[in-house]
Amino acid sequence: MKRLISLYYFTLLVLFGCSGSQQNPPGFEENSPDHGLEIVEGVHMETGLADDPDLPLIITNCTACHSAILITQNRASREGWKEMIDWMQETQNLWDLGENEEIILGYLEKNYSPDKRQTRRRNLEHIEWYNLD
Ligand code: HEC
């Protein structure tokens, strides 16, 4: 009887233990609709860039040489961003962005113009205030 029980547990182990160990690593989602771009509260986790339909284009063209922090910590008007791109093209070998330039400028203007404060932390919620009187 004891042997039967251990055989039973062994079978269970084989059936569930092994299939369990073949699970994908955490965070990996096959056929995920966002193609592996992990977005939390509107921010792409890996780069810190604001989520947007054009995000893949930005990642491809704007994070190849340097960290996206240069972008996320900057604020500029569309013209200001255009100047930075021109400067990188003239002095830092940034390639011709072709028709993508308009799309990239649109993204930068929308998410990183001077009035955008996306680096500010979120409001605190559920705070227990000390009563000071
Ligand atoms: C070919 C390489 C390359 C690519 C691609 C590139 N950059 Fe840069 N960028 C640089 C270099 C080099 C610097 C200077 C870095 C430094 O000062 O450490 C820089 C600096 C910057 C800065 C800081 C400018 C400043 O005045 O402080 C910003 C913002 C920036 N890049 C945005 C972008 C954006 C947006 C894109 C996508 C259109 C992009 N970069 C693509 C090379 C590149």
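A residue is called buried when its relative accessible area is under 20%, exposed when it is over 50%, and partly exposed in between (1.4 Å probe, protein chains only). By that rule Glu 41, with a relative accessible area of 59%, is exposed.

The model is predicted, so local features need pLDDT of at least 70 and side-chain atom pairs count only at pLDDT 80 or more, while totals for chains, interfaces and linings use all residues. Residues are numbered from 1 along each chain as its sequence is written, and side-chain values use heavy atoms, with hydrogens and water left out.

Begin with the overall layout. The protein chain has five helices and two strands; here helices (H or I, at least four residues) and strands (E, at least two) are DSSP runs, numbered from the N terminus. Read from the N terminus on, the order of the elements is α-β-β-α-α-α-α. Of the 133 residues in the protein chain, 21% count as buried.

The space that the ligand takes is the largest pocket. On a 1 Å grid over the protein atoms alone, a pocket is an open set of points with protein on both sides within 12 Å along at least five of seven lines, and a molecule sits in a pocket if more than half of its atoms lie within 2 Å of the grid points. The ligand is surrounded by 18 residues, and the closest are Cys 62, Cys 65, His 66, Met 88 and Gln 92; a residue is near a molecule if one of its heavy atoms lies within 4 Å of it. Helices α2, α3 and α4 each give at least two residues to this shell. The largest share, five residues, comes from α4.

What are the protein donors of the iron atom of the ligand? They are His 66, through NE2, and Met 88, through SD, lying 2.0 Å from the iron atom. Donors are N, O and S atoms within 2.8 Å of the metal (3.2 Å for Na, K and Ca); water is not among the atoms, so sites may look incomplete. His 66 lies in the loop between α2 (55-62) and α3 (69-72), and Met 88 lies in helix α4 (residues 78-91), so the pair ties together parts that are 22 residues apart in sequence.

The arrangement is octahedral because the six donor atoms around the iron atom subtend angles of 87 to 179 degrees. Six donors count as octahedral if opposite donors are over 155 degrees apart and all others between 65 and 115. His 66 is partly exposed, at 26% relative accessible area, and Met 88 is partly exposed as well, at 22%.

Helix α4 also holds Gly 80, which counts as buried at 18% relative accessibility. The C-alpha atoms of Gly 80 and Ser 113 are separated by 9.0 Å, although the two residues are 33 apart along the chain. Ser 113 is placed in the segment after α5 (100-111) and is buried, with a relative accessible area of 8%. Its side chain reaches the backbone oxygen of Glu 109 at 2.8 Å.

Two loop residues remain. Glu 41, in the loop between β1 (39-40) and β2 (43-44), has a positive phi of about 50 degrees although it is not a glycine. Asn 93, in the loop between α4 and α5, is not a glycine either, and has a positive phi of about 60 degrees. At 69% relative accessibility, Asn 93 counts as exposed.

Note on methods: Four donors count as tetrahedral if all angles lie between 85 and 135 degrees; four count as square planar and six as octahedral if opposite donors are over 155 degrees apart and all others between 65 and 115; anything else is irregular. On a 1 Å grid over the protein atoms alone, a cavity is a set of points where a 1.4 Å probe fits but cannot get out, and a pocket is an open set with protein on both sides within 12 Å along at least five of seven lines; lining residues have an atom within 4 Å of a point. A polar contact is a pair of N or O atoms within 3.5 Å; within protein, one must be able to donate a hydrogen and the other to accept it, and residues adjacent in sequence count only if both atoms are side-chain atoms.
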